[in-house]
Amino acid sequence: MSNTDTNAILIAAIADLQEETTLALVRQRLDANDDPLLIMKDCKEGMRQVGLRYERNEYFLAGLIMAGEIFRQVMELLQPVVERQVSGQSSGRILLGTVEGDIHDLGKNIVNMLLSCHRFVVHDLGVDVSPTTFAEQAAQVQPHLVGLSGLLTNAYDAMRETITLLRAQGYQGPIIIGGGQLSEKVCQYVGADQWTVDAVTGVELCQRLISGQMREGED
């Protein structure tokens, strides 16, 4: 069976909400030393298809909840493998959350897992987080970096308000926004320093920005 066939089978299993099949396929691919990040990519595509079926009224809320539970179990299988593969001792504090008015957490949770695997201390505020909560937590945690997640287009104003408040209250570290529909134009509109539509790229951004801060601190 080709890699393309294997990928398609896993994507279809998640899209069809086949819990046992999905977990068995993930275990098989891990046993075959498949890259866990590629497995994660296929799982994300399966979740995207679940979302499309929900939009077409083929699935209802129960289907979304079940898909989320399947994905959570997949993450539990992948996390220890990713941790073993990570090299280096990157460190830093990151404040993370989905902005007010948005309850999507799939991408955020993937970023959280990858950051934790790379030895970052992640303070995850969850979803539908108000600008005030972000600002209050930033003052307490003193993060090296703040990550704002949002999938819906109406989250952009919440991102902008959050960043404006963070800056007004003295937070001067880098702020990254993440979400599947973001662009450079959105990044400029909300006032963020960087943007990403991909979890792996987002982690690389965090590593680079925080490493730069720490080098400056040593000078």
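## Lys 108 and its surroundings

Leaving aside neighbours within four places in sequence, Lys 108 is in contact (heavy atoms within 4.5 Å) with Leu 96, Gly 97, Thr 98, Asp 124, Gly 126, Val 127 and Ser 149. This is a predicted model, in which local features need pLDDT of at least 70 and side-chain atom pairs count only at pLDDT 80 or more, while totals for chains, interfaces and linings use all residues. Residues are numbered from 1 along each chain as its sequence is written, and side-chain values use heavy atoms, with hydrogens and water left out.

Lys 108 is found in helix α5 (residues 106–117). Helices (H or I, at least four residues) and strands (E, at least two) are DSSP runs, numbered from the N terminus. With a relative accessible area of 3%, Lys 108 counts as buried; buried means under 20% relative accessible area, exposed over 50%, and partly exposed in between (1.4 Å probe, protein chains only). The side chains of Lys 108 and Asp 124 are joined by a polar contact of 2.9 Å. A polar contact is a pair of N or O atoms within 3.5 Å; within protein, one must be able to donate a hydrogen and the other to accept it, and residues adjacent in sequence count only if both atoms are side-chain atoms.

## Thr 98 in strand β1

Thr 98 belongs to strand β1 and is buried, its relative accessible area being 0%. Not counting residues up to four places away in sequence, Thr 98 touches Ile 103, His 104, Asp 105, Lys 108, Gly 126, Val 127, Asp 128, Val 129, Phe 134 and Ser 149. The side chain of Thr 98 reaches the backbone oxygen of His 104 at 2.9 Å. Between Thr 98 and Ala 158 there are 9.8 Å in space, C-alpha to C-alpha, and the two are 60 residues apart in sequence.

## The sheet

Five strands form an open sheet in the order β2-β1-β3-β4-β5, with parallel pairing. Its edge strands, each pairing on one side only, are β2 (121–124) and β5 (194–196). On average, neighbouring strands of this sheet are turned by 20° against each other, direction ignored. Two strands pair if DSSP finds at least two bridges between them. Strands of a sheet pair through backbone hydrogen bonds, either parallel or antiparallel.

Strands β3 (residues 145–149) and β4 (residues 175–178) run parallel and are joined by four bridges. Across this pair, Leu 148 stands opposite Ile 177, and Gly 147 stands opposite Ile 176. In β4, Ile 175 and Ile 177 point one way, Ile 176 and Gly 178 the other way, and all are buried.

## Helices on the sheet

Helix α6 (residues 131–141) packs on the sheet and touches β1 (93–98), β2 and β3; its direction makes about 165° with that of β1. Helix α7 (residues 155–168) also packs on the sheet, touching β3 and β4, and its direction makes about 170° with that of β4. Axes are lines fitted to C-alpha atoms, for helices over the stretch in contact, and angles run from 0 to 180 degrees between N-to-C directions.

Thr 162 lies in α7 and counts as buried at 0% relative accessibility. Residues up to four places away in sequence not counted, Thr 162 touches Pro 131, Phe 134 and Leu 148.

## Helix α2

The 13 residues of helix α2 (residues 19–31) should span 18 Å at 1.5 Å a residue, and the end C-alpha atoms are 18 Å apart, which agrees. The expected span is 1.5 Å times one less than the number of residues.

The buried residues of α2 are Thr 22, Leu 23, Leu 25, Val 26, Arg 29 and Leu 30. They cover an arc of only 160° around the axis, which puts them on the same side of α2. The arc is that of the directions from the helix axis to the C-beta atoms. Glu 20, Gln 28 and Asp 31 are exposed on the other side of α2. After α2 comes Asn 33, with a positive phi near 65°.

## Helix α3

Helix α3 (residues 36–55) has 20 residues and reaches 29 Å from its first C-alpha to its last, close to the 28 Å expected at 1.5 Å a residue. Its buried residues are Pro 36, Ile 39, Met 40, Asp 42, Cys 43, Gly 46, Met 47, Val 50 and Arg 53. Seen down the axis of α3, these fall within an arc of 160°, so they line one face of the helix. Lys 41 and Glu 55 are exposed on the other side.

Asp 35 caps the N-terminal end of α3, with a side-chain oxygen 2.9 Å from the backbone nitrogen of Leu 37. Asn 57, which follows α3, has a positive phi near 65°.
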